[in-house]
Amino acid sequence: MLVFLGLVMVFSSSYLLGREHFGNSFHFISRQILFALLGIALVLVLRLTKFEFWINNAFVWQVLACVLVLLTFVPGIGVIVKGSHRWIDLGPFHIQPGEILKFTTIMCSVRLFQNFVFWESRERLTALLILLVPPLILVFQPDFGMFMLCMMNIFFEAIIVTGK
């Protein structure tokens, strides 16, 4: 229902702009429908994997998300919009690695706080660095809003998982 409502909102707010700039009132809604269908397909595929797979490999996902965030600073790969380096150019569309980082930060913080008391201090420090460095890079994009979301995720996961 939310996807349908979002599609209605996109169409109602963009049909004139699509007609003026692209000669097609359905330009933006057709792209939004395509991405909605791709998202639904991705959810159906991800649903087939076990949750433990994602949590057990959380630090790998966090490092990969960090690499994607760093790619936004590479000329020719990263797209600069109004002075910020938040997007990666993939030809017909752009992705924002900060959106991926939101999810990997949640998985990584769950993994960290579940195992924190069992790890040696060196493992704790490594895990904390893997958890905190990628959100800190967001400050240099600058994307302070996404940085704050990631930090709030970490804070609330610490409270939920540790029970304190």
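**View 1. Strands β1 and β2 pair in the antiparallel sense over 4 bridges.** Strands here are DSSP runs of E with at least two residues, helices are runs of H or I with at least four, and both are numbered from the N terminus. Two strands count as paired if DSSP finds at least two bridges between them. The model is predicted, so local features need pLDDT of at least 70 and side-chain atom pairs count only at pLDDT 80 or more, while totals for chains, interfaces and linings use all residues. Residues are numbered from 1 along each chain as its sequence is written, and side-chain values use heavy atoms, with hydrogens and water left out. Val79 stands opposite Trp87 in β2. The two strands form a hairpin with 2 residues between them, and Lys82 in the turn has a positive phi of about 50°.

**View 2. β2 (residues 84–89) and β3 pair in the antiparallel sense over 2 bridges.** Asp89 stands opposite His94 in β3, and Ile88 has Ile95 as its bridge partner in that strand. This hairpin has 4 residues between the strands, with Gly91 at a positive phi near 85°. The open sheet of 3 strands has the order β1-β2-β3. Its edge strands, β1 (78–81) and β3, each pair on one side only.

**View 3. The largest nonpolar core has 12 residues, including Phe59, Met107, Trp119 and Ile154.** Such a core is a set of buried Ala, Val, Leu, Ile, Met, Phe, Trp, Tyr and Cys residues joined through side-chain atoms within 4.5 Å; buried means under 20% relative accessible area with a 1.4 Å probe, protein chains only. Two or more core residues come from each of α4 (58–71), α5 (97–115) and α6 (121–139). α5 gives the most, with 5 residues. Leaving aside residues up to four places away in sequence, Cys108 touches Ala58, Phe59, Gln62, Ile130 and Leu131, where contact means heavy atoms within 4.5 Å. A second, separate core of 9 residues includes Ala65, Leu138, Phe147 and Cys150.

**View 4. The largest pocket holds about 980 Å³ of space.** On a 1 Å grid over the protein atoms alone, a pocket is an open set of points where a 1.4 Å probe fits, with protein on both sides within 12 Å along at least five of seven lines; lining residues have an atom within 4 Å of a point. Of the 23 lining residues, Leu42, Leu46, Glu99, Ile100 and Phe103 are the closest to the centre. α5 gives the most to the lining, with 8 residues. By class, the lining has 17 nonpolar, 4 polar and 2 charged residues.

How values were computed: Buried means under 20% relative accessible area, exposed over 50%, partly exposed in between (1.4 Å probe, protein chains only). Grid points are joined across faces, edges and corners, and a volume is the space filled by probe spheres set on the points. Ala, Val, Leu, Ile, Met, Phe, Trp, Tyr, Cys and Pro count as nonpolar, Asp, Glu, Lys and Arg as charged, and the others, Gly among them, as polar.
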